Amino acid sequence: MASTPQQTYIPSKVVQTEYPLIDNDPHFKRVVRYARTSDYIHGAVAAAAGPGLLLAMEKFAPSHVGRGGFARALRLAGVIGACGGFLYFYQRSCLRFYGMSENAREVEMDMREMVDKVKAGEPLYGESKLTPHMQGVAARQSRYSALFTAVLPWFNFVNHNQHGVDTAKYYRRAEQELEAERLGKSSS
């Protein structure tokens, strides 16, 4: 006899940090969209470090490889550097979502984005084609995953509603803004 699967919701632990938690499982697109210029600069410097160090080592201690050997090594160092630079960029942006580094700009961007979604009647974290059970599985697998990026890069590509924050704050702010707009229209 088959039973219907029950929705699995396991509340996430909230890590106490100096800055407010925005999202403990941010969507990949959101992480990239909220990235700061400094994240891009740090990522680019990290990406350039691989080929740059290889060129410096070749200058001071030549490898004397045959024709085309150094070019292949330099291309490989460039690809590895680009991957490492992207992961560093991504992790720096994620740490702000987790509240592990200064995030005042991201808190304001998050509030603005979510309040606009509430006003438009859209779901806060997007719509998903997955069942609620599979959304929960995806959330549990990628929650705080950026802390382990150096070992296993793992990104959240699933829309779900399990982000470790109280979403009531978005609805309260939307109500306040709608009320202020209504009072502004009635007084003019």
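Guide: Start with the order of elements. This is a predicted model. Along the sequence, the protein chain reads α-α-α-α-α-α.

Visitor: How many helices and strands does the protein chain have?

Guide: Six helices and zero strands.

Visitor: Why is the protein chain called more spread out than a compact globule?

Guide: Compare the radius of gyration with the globule rule. For 188 residues the rule gives 16 Å, but the protein chain has 22 Å, well over that, so it is more spread out than a compact globule. Its C-alpha atoms fill a box of roughly 80 × 65 × 30 Å along the principal axes.

Visitor: What share of the residues is buried?

Guide: Buried means under 20% relative accessible area. In the protein chain, 31% of the 188 residues pass that test.

Visitor: What can contacts tell me?

Guide: Look at how far apart the partners sit in sequence. Take contacts between residues at least 6 apart: 83% of them join residues at least 24 apart.

Visitor: Which helices do the buried residues of helix 4 pack against?

Guide: Helix 1 (28-33), helix 3 (69-97) and helix 6 (168-187). The buried residues of helix 4 include Met 111, Met 114, Val 115 and Val 118, and also charged ones such as Glu 106 and Lys 117.

Visitor: What follows helix 4?

Guide: Gly 121, with a positive phi near 75 degrees.

Key
Residues numbered from 1 in each chain as written. Predicted model: local features only at pLDDT ≥ 70, side-chain atom pairs only at ≥ 80, totals over all residues. Heavy atoms only, no water. Helix = DSSP H or I, 4+ residues; strand = E, 2+ residues; numbered from the N terminus. Rg over C-alpha atoms; globule rule 2.2 N^0.38 Å. Buried < 20%, exposed > 50% of the residue type's maximum accessible area, 1.4 Å probe, protein only. Contact = heavy atoms within 4.5 Å.
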